[in-house]
Amino acid sequence: MKISEQDLKKIISKSLNVKLNKINDESNSNKMEEWDSLGQLSIISSLDKKFKGKINLSKVASMYSYKEIKIFLKKKLAMK
Amino acid sequence: MEPFISKIDYEVPRYKNHLKKLKNFYKIKKKTGIVDTFKIKEGNSVIDLALKVCNRNLKDLKKCDALIFVTQTPKYLLPSCSSILQGKLGLKKNILTFDINMGCSGFVHGLSVATGLIKSKISNNIALICADTYSRYFTKENKNKFIFSDAASLTFLKKRKKKGIGPFLFGSDGNNFDKIIIKDNKNNNLEFYMSGSEVYTFTLNTIPKLIKKYLNIIKNNDIDFYIFHQASKLILESLMNKLEIKNNKFITDLKYGNTTSSSIPITLKRAIEKKKIKKNHRIIICGFGVGLAWGVSSIIL
């Protein structure tokens, strides 16, 4: 199971309904109005679909930045 | 003799939180499936709301020998809402009354207790009331008011020869008690809090496994419909997809928003009214949420 940084950016931008170039290591809920609780739900829901429910995303629920999610997924997928 | 659900009625207040006034209305509607939420009149309580549905069903209530009230927003810490209702409705005094402190899974919890009372011959006719008024715990800024509605449901249980309810399967995860909670805010007023994304991942991790285990236990794949707690469109769609339940068997009804413990009986009643659910249909019901706690059962009308 793999996900590239570009794929992750696409998922987050689509979930938040923002342009792809708005998603980078600095993107987080404090800086983006669109990244509210509903936006967070959309990100988790989209990631769950992407991984077909095979990855436990409980920890992502409290991650409100692109960088945090990226690092988590890198570790999680590398462990598999 | 076997317990079964003989009648359902419900009451939703007419005062609305108009989501359409919000600038991100379409985004909220798309994710939650909710257009309006409903709240009790200022100064009213869960008792007033329950009385409305009870007064319409007084004839049936007078035949009951047990009254169970599921709520987490009682008017008083003590006495119980069920005792107050017995008095206000003028029900007989030789009646068993008690409250159950459960939330979104409360209908399934209440149903299991009512089923046990009938099976053990303690009661014959039971009124199961589920009612909550979360609106009392929303500040002006609290966005949860656009998801949750106040509501009261009244379910009557009787007995017959044919099996009508069960078996049951339950679970609880008290380590996550603070994910949905009413506690003091910075102004020392009680306020409702929910960590939506954490509740969402809990649901995705817990409920599909629960349903699969349940279906395995009952060894019956002849299920006509699935009615889950109507939390939000996003949660329900995710569960339906994960469980690979066909769209026409999975009932989603968010007309009144998330009505906590009343969401299953209200959805059931509305599906019966629409003639979607008919006699002899087997329906899986599943509640999940505050606690965190969850429960599943099946019913045959």
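Colleague: At what angle do helix α2 of chain A and helix α6 of chain B pack?

Modeller: About 25°, with their axes 9 Å apart. Axes are lines fitted to C-alpha atoms, for helices over the stretch in contact, and angles run from 0 to 180 degrees between N-to-C directions. One caution: this is a predicted model, where local features need pLDDT of at least 70 and side-chain atom pairs count only at pLDDT 80 or more, while totals for chains, interfaces and linings use all residues. Residues are numbered from 1 along each chain as its sequence is written, and chains are lettered from A and ligands numbered from 1 in the order in which they are written.

Colleague: How do you define helices and strands?

Modeller: They are DSSP runs, numbered from the N terminus: helices are H or I with at least four residues, strands are E with at least two.

Colleague: Are α2(A) and α6(B) roughly parallel or antiparallel?

Modeller: Roughly parallel. That word covers angles under 35 degrees; over 145 is roughly antiparallel, 65 to 115 roughly perpendicular and the rest oblique.

Colleague: Which residues make the contact?

Modeller: From α2(A), they are A:Ser37, A:Gln40, A:Leu41, A:Ile44 and A:Asp48. From α6(B), they are B:Gly196, B:Ser197, B:Tyr200, B:Thr201 and B:Leu204. Contact means C-beta atoms, placed from the backbone, within 7 Å.

Colleague: And the whole interface: how many residues of chain B are in contact with chain A?

Modeller: 13 residues of chain B, against 14 residues of chain A. On the chain B side, α6(B) gives the largest share, seven residues. That side divides into four nonpolar, five polar and four charged. Here Ala, Val, Leu, Ile, Met, Phe, Trp, Tyr, Cys and Pro count as nonpolar, Asp, Glu, Lys and Arg as charged, and the others, Gly among them, as polar.

Colleague: New topic. What is the strand order in the open sheet of chain B?

Modeller: β8-β13-β12-β11, four strands with mixed pairing. Two strands pair if DSSP finds at least two bridges between them. β8 and β11 are the edge strands, each pairing on one side only. The twist averages 15° from one strand to the next.

Colleague: How many bridges join β12(B) to β13(B)?

Modeller: Eight, and the two strands run antiparallel. B:Ile285 stands opposite B:Ser297 in β13(B). α5(B) packs on that sheet, touching β8, β12 and β13 of chain B.

Colleague: What about β7(B): how many of its residues are buried?

Modeller: Seven of ten. Buried means 20 or more other C-beta atoms within 10 Å of a residue's own, exposed means 12 or fewer, and partly exposed lies in between, with C-beta atoms placed from the backbone. β7(B) pairs antiparallel with β1(B) over nine bridges, and seven bridges join β6(B) to β7(B), also antiparallel.

Colleague: Is B:Thr260 buried or exposed?

Modeller: Buried, with 33 other C-beta atoms within 10 Å. B:Glu244 counts as exposed, with 7 C-beta neighbours inside 10 Å.

How values were computed. Two residues are in contact if their C-beta atoms, placed from the backbone, lie within 7 Å.
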